[in-house]
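Biologist: Please show the model, and then let us go through its architecture by question and answer.

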Amino acid sequence: MRSDWIDKAVPAIGVARTYRRSWLKSDLAAGAALSAALIPAGMAYAEASGLPAVTGLYASVVPMFFYALFGPARVVIVGPDSSLAPMIAAAILPLAGRDPEHAVALAGLLAILIGVFLLAGRILKLGFVTGLLSSPIRVGYLNGIALTVMVSQLPRLLGISVDADSLVGRFTATVDAVARGGINPVALAFGAGTLGAIIAMRFLPWKIPGVLVAVAASIAAAAAFNLSGELPVVGALPAGLPSPALGGISFQDVLSLAAPAAGIALIAFADTSTLSKSLAARRGIKVNGNHEMGALGIANAASGLLGGFPVCGSSSRTPIVLDAGARTQFSGIVAAAIVVVFMVAAPGVTAFLPTATLAAVVMAAASSLVDVKALFRLIRMSKTETLLLIAAFLGVAFVGVLEGIVVAIGLSLMAFVRRAWDPYRTELASLDDVPGFHDLGRHPEGQRVEGLVIARFDAPLFFANGEVFTEHIRALVAAAPTPVRWVIVAAEPITDLDTTALDELVQLDDELAKQGISLVFAEMKGPVKDRLTRFGAAARFTADHFYPTIHNAVRSYKKEAGLD
């Protein structure tokens with residue numbers, strides 16, 4: 001019993017107990033393949049986040065180790081990601097000014113706060129919150145992030161420097177610099193060459209990371225021709241292991257980053273959870289969303305404490321280890337160990353790494369976020385969801401990454417309330433030779449029972465739609481072809497009831513009673529009946545107001561009305 005609890009808390013222990021020697025070769029090979037992509041990608045995403053390149057290595061190594069221990073998915077790689085980079089930059093750079101050390105400290109604090117939010121969510125079992133990010137919102141914000149990232153990296157690809165914060169301002173400044181002949185042809189050659197190499201490698205049969213080939217070739221070429229004075233380069237990285245870098249943090253910084261941390265935590269968990277569940281489904285296993293949230297929280301907190309920045313599941317680097325045959329989390333630990341060796345033994349390798357090359361790496365990764373097919377699919381299926389997608393895209397791209405996501409979630413919730421406020425509602429009637437009672441709107445040939453109205457309302461009853469429900473009943477009573485004696489509410493779709501809706505229901509019952517009309521319910525769910533009792537309505541709506549089925553209610557009405 002105790003071992004089961006430990007295995008759930010630290011899944012890596014359970015994997016270690018059942019580890020097979022035959023898996024070791026696959027995990028070692030997969031870890032080596034992954035490390036080749038981690039180094040350039042980590043540095044690239046760090047610079048895209050407005051941070052020194054070395055922090056990307058810290059954020060690649062530390063979280064991966066902790067997620068390997070606590071993550072519920074056997075093979076998911078967590079680390080820096082292009083979808084988080086613009087959000088991190090938007091959160092920390094306005095506070096950091098032009099101080100890179102303070103930016104690193106703020107990024108660490110942001111990761112710690114994200115970890116705290118995720119761990120709190122794990123304790124409160126809030127793994128369901130990813131439902132706030134519907135598919136249209138996810139597609140919209142990812143497309144918006146892709147545009148934001150590509151525009152932000154374009155100046156570095158061209159070897160120019162611009163001073164603008166917004167997407168429009170940055171793009172305008174870039175165009176102006178190009179028009180004035182500010183392009184660095186050497187930087188452009190490296191950037192375009194890197195993009196071309198990465199894209200070309202995707203179509204080749206060999207499973208060699210295009211990023212690794214492009215970065216290695218760029219370093220070799222820049223070193224061979226001594227081009228460090230001709231174009232911006234990353235420079236040699238500081239030697240050493242990840243360490244705390246939280247100096248200069250104030251309580252005001254904590255307050256300023258709390259809201260962005262909550263938003264990024266939601267996005268990071270949504271991305272990681274989606275990736276983890278999809279991979280688990282391939283293996284025929286289930287992943288607990290709450291466990292996933294806790295593991296990601298630990299990974300982020302550890303990253304922030306040891307000089308890194310926020311991370312999430314990587315949909316670009318996880319396939320690398322899968323294609324290389326990874327069997328367990330050990331492959332991630334192997335990759336992290338190789339990166340640590342690189343940081344300690346060969347930090348000077350990046351002295352000739354062009355920043356244009358890293359910009360191309362980020363742009364190539366961002367391009368994979370673009371999903372035009374989903375837009376056209378939604379256009380064919382749902383105008384409302386298409387508008388949500390477009391709103392998320394425009395908000396992220398032109399208002400701000402975090403603000404855009406908040407607006408998109410707000411619009412999504414408004415759309416939900418709109419559907420619940422004005423749900424489908426109808427009158428039911430019987431059909432010859434067809435059991436049950438059916439929608440008169442779809443079957444106008446349906447036969448009503450004299451003096452009876454059977455109403456259906458397909459939504460919970462709450463403050464926004466209580467009046468809509470009562471008006472629906474009134475309209476059916478007024479339109480009935482014969483004087484009404486009973487109204488039966490087919491209550492199976494009504495899954496909840498609040499006090500405002502109850503007040504409307506009581507008012508309707510009084511109004512119908514004055515007209516000699518009985519209001520009864522069929523197929524009402526037990527929890528809704530319990531709420532009526534807790535709200536003090538049991539004396540009004542006694543047991544004889546409820547029937548297990550519509551058929552039972554109709555039969556009782558016919559018996560009372562002498563229509564058997």
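This is a predicted model: local features need pLDDT of at least 70, side-chain atom pairs count only at pLDDT 80 or more; totals for chains, interfaces and linings use all residues.

Biologist: What percentage of the residues in the protein chain is buried?
Modeller: The protein chain exposes about 25700 Å², and carbon and sulfur atoms supply 62% of that area. A residue counts as buried when its relative accessible area is under 20%. Of the 564 residues, the buried share is 50%.

Biologist: Among contacts between residues at least 6 apart in sequence, what percentage joins residues at least 24 apart?
Modeller: A contact here requires heavy atoms within 4.5 Å. Among the contacts in the protein chain that link residues at least 6 apart in sequence, the share joining residues at least 24 apart is 81%.

Biologist: Which residue in β8 stands opposite Ala522?
Modeller: Strand β7 covers residues 518–522 and runs parallel to β8, to which two bridges join it. Within β8, the residue opposite Ala522 is Tyr547.

Biologist: Which residue in β7 is the bridge partner of Val487?
Modeller: β6 and β7 also pair in the parallel sense, over five bridges. In β7, the bridge partner of Val487 is Leu519.

Biologist: Which helix supplies the largest share of the nonpolar surface patch?
Modeller: The patch has an area of about 560 Å² and is made by Val168, Leu387, Ile390, Leu394, Phe398 and Val399. Val168 belongs to helix α8 (residues 167–179). The largest share, five residues, comes from residues 383–399, that is, helix α17.

Biologist: Is Val168 buried, partly exposed or exposed?
Modeller: The relative accessible area of Val168 is 47%. Buried requires under 20% and exposed requires over 50%, with partly exposed in between. Because 47% falls in that middle range, Val168 is partly exposed.

Biologist: Is Glu292 buried or exposed?
Modeller: Glu292 lies in helix α12 (residues 289–305). Leaving aside neighbours within four places in sequence, Glu292 is in contact with Tyr67, Pro72, Phe269, Thr272, Ser273, Ser276 and Val287. Because its relative accessibility is 0%, Glu292 counts as buried.

Biologist: By what distance are the C-alpha atoms of Val254 and Leu113 separated?
Modeller: Val254 is found in helix α11 (residues 251–282), and is partly exposed at a relative accessible area of 25%. Leaving aside neighbours within four places in sequence, its contacts are Leu109 and Leu113. Val254 and Leu113 are 141 residues apart along the chain, and their C-alpha atoms are separated by 8.1 Å.

Note on methods:
Residues are numbered from 1 along each chain as its sequence is written. Side-chain values use heavy atoms; hydrogens and water are left out. Patches are made of residues with over 30% relative accessible area and no salt bridge: like charges are joined within 9 Å, nonpolar side chains (Val, Leu, Ile, Met, Phe, Trp, Tyr) within 5 Å. Accessible areas come from the Shrake-Rupley method with a 1.4 Å probe; for residues, only the protein chains shown count as cover. A salt bridge is a side-chain nitrogen of Lys or Arg within 4 Å of a carboxyl oxygen of Asp or Glu. Helices (H or I, at least four residues) and strands (E, at least two) are DSSP runs, numbered from the N terminus. Buried means under 20% relative accessible area, exposed over 50%, partly exposed in between (1.4 Å probe, protein chains only). Two strands pair if DSSP finds at least two bridges between them.
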